[in-house]
Structure formats: C-alpha cells, structure tokens
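Please look through the sequence and the model before reading on.

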Amino acid sequence: MKLTNSEKLILTMLSEIYEKLGMNDGHNEIDGNFVKSAIQKNHTWALSWKYQGIAFDEEDQPHEVDEVVNYLDMWDFLEESAGSLSAADQAELVERMLDLQGYLFLKVLMETTSPVIGVRLFSWSIT
C-alpha cells in the first residue's frame with residue numbers, strides 16, 4: 001500500500017487519538033498501535049494483510065515480503081514432513097540439526113539482508 005506523506009501523518013494522528021481515547025483495548029476492529037507501527041516502520045503492506053475485510057487496491061508487495069513468505073512456506077512444509085517421520089527418525093533429524101545449527105545460523109545471518117529480517121520480525125505482529 002502506497003501512502004502519501006499527508007496520509008501517513010493523518011493516520012498517525014488518528015492512531016494517537018485512538019490511544020488517548022483508550023480505544024486500543026482489543027474491542028475495536030482497528031488496532032491503532034498496529035497502524036502507527038506499520039507506518040513508522042514503512043511496512044504499510046501489512047495493513048492490507050491484517051485488515052482483509054477492507055477492500056484495498058491490489059498492489060504488489062515488496063520483494064522482501066515475498067521472500068519471507070516463501071521461507072515461511074518452506075518451513076511449514078519441513079515441519080509437516082518431519083511430523084510424519086517415525087520417533088527414531090525424528091530423533092536422528094534433531095541430532096543432525098543440532099550439529100548444523102551454529103553453522104546454518106551464521107550462514108543465514110550473513111546472507112540475509114536487513115530488510116528481510118525487518119519484514120520477518122514485523123510479520124509476527126500481524127496475527
């Protein structure tokens with residue numbers, strides 16, 4: 001979602017009004033803190049994800065978001081596959097994963113760009 005600077009300002013001010021009126025109590029459909037955070041962190045794509053009941057215009061999301069979604073999909077497939085293994089095979093898998101854990105963590109950390117990390121961390125707050 002592309003917002004103009006004036007739209008960002010208006011939405012930020014409205015979210016602050018929400019906060020001052022105590023409307024961020026979880027009983028409202030719109031979470032003013034989430035809206036404000038999405039704008040401040042330049043993750044406005046997340047607004048159309050969280051508020052799917054609003055008819056937003058179709059727009060391409062940032063490449064980093066697509067990349068994170070692909071990683072999360074792959075992780076789901078891995079978890080499903082690992083869940084179908086026997087107990088012995090699961091134990092062996094865990095053992096092998098622990099052997100690789102430090103190496104893989106450093107490799108991913110070095111190869112991952114900071115926008116992807118930011119998208120992943122922000123995506124946790126959508127649900």
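**From the surface to the core**

In this predicted model, Ile10, Leu14, Ile17 and Leu21 make a nonpolar surface patch of about 390 Å². One of these residues, isoleucine 17, has its place in helix α1, which covers residues 5-20. Isoleucine 17 counts as partly exposed because its relative accessibility is 45%, a value between the limits of 20% for buried and 50% for exposed.

The largest nonpolar core has 10 residues, namely Leu3, Phe34, Val35, Ala38, Ile39, Trp45, Ala46, Leu47, Tyr51 and Val65. At least two residues of this core are supplied by each of the helices α2 (32-40) and α3 (45-50). Helix α2 gives the largest share, four residues.

Two aromatic pairs are present in the structure. In one of them, the ring centres of phenylalanine 34 and tyrosine 51 lie 6.2 Å apart and the planes stand at 80 degrees, so this pair is edge-to-face. Distant parts of the chain are linked by this pair, for phenylalanine 34 belongs to helix α2 and tyrosine 51, 17 residues apart from it, to the loop between α3 and α4 (63-83). Both phenylalanine 34 and tyrosine 51 are buried. Over the ring of phenylalanine 34 sits the charged end of lysine 50, 5.0 Å from the ring centre.

The rings of tryptophan 45 and tryptophan 49 also form an edge-to-face pair, because their planes are at 75 degrees, with the centres 5.1 Å apart. Both tryptophans lie in helix α3, four residues apart, which is about one turn of the helix. Tryptophan 45 counts as buried at 5% relative accessibility, whereas tryptophan 49, at 30%, counts as partly exposed.

Key:
Residues are numbered from 1 along each chain as its sequence is written. This is a predicted model: local features need pLDDT of at least 70, side-chain atom pairs count only at pLDDT 80 or more; totals for chains, interfaces and linings use all residues. Side-chain values use heavy atoms; hydrogens and water are left out. Patches are made of residues with over 30% relative accessible area and no salt bridge: like charges are joined within 9 Å, nonpolar side chains (Val, Leu, Ile, Met, Phe, Trp, Tyr) within 5 Å. Accessible areas come from the Shrake-Rupley method with a 1.4 Å probe; for residues, only the protein chains shown count as cover. A salt bridge is a side-chain nitrogen of Lys or Arg within 4 Å of a carboxyl oxygen of Asp or Glu. Buried means under 20% relative accessible area, exposed over 50%, partly exposed in between (1.4 Å probe, protein chains only). A nonpolar core is a set of buried Ala, Val, Leu, Ile, Met, Phe, Trp, Tyr and Cys residues joined through side-chain atoms within 4.5 Å. Rings of Phe, Tyr and Trp (its six-membered ring) pair if their centres lie within 6.5 Å; planes under 30 degrees apart count as stacked, over 60 as edge-to-face and the rest as tilted. A charge sits over a ring if NZ of Lys or CZ of Arg is within 6 Å of the ring centre and within 35 degrees of the ring normal.
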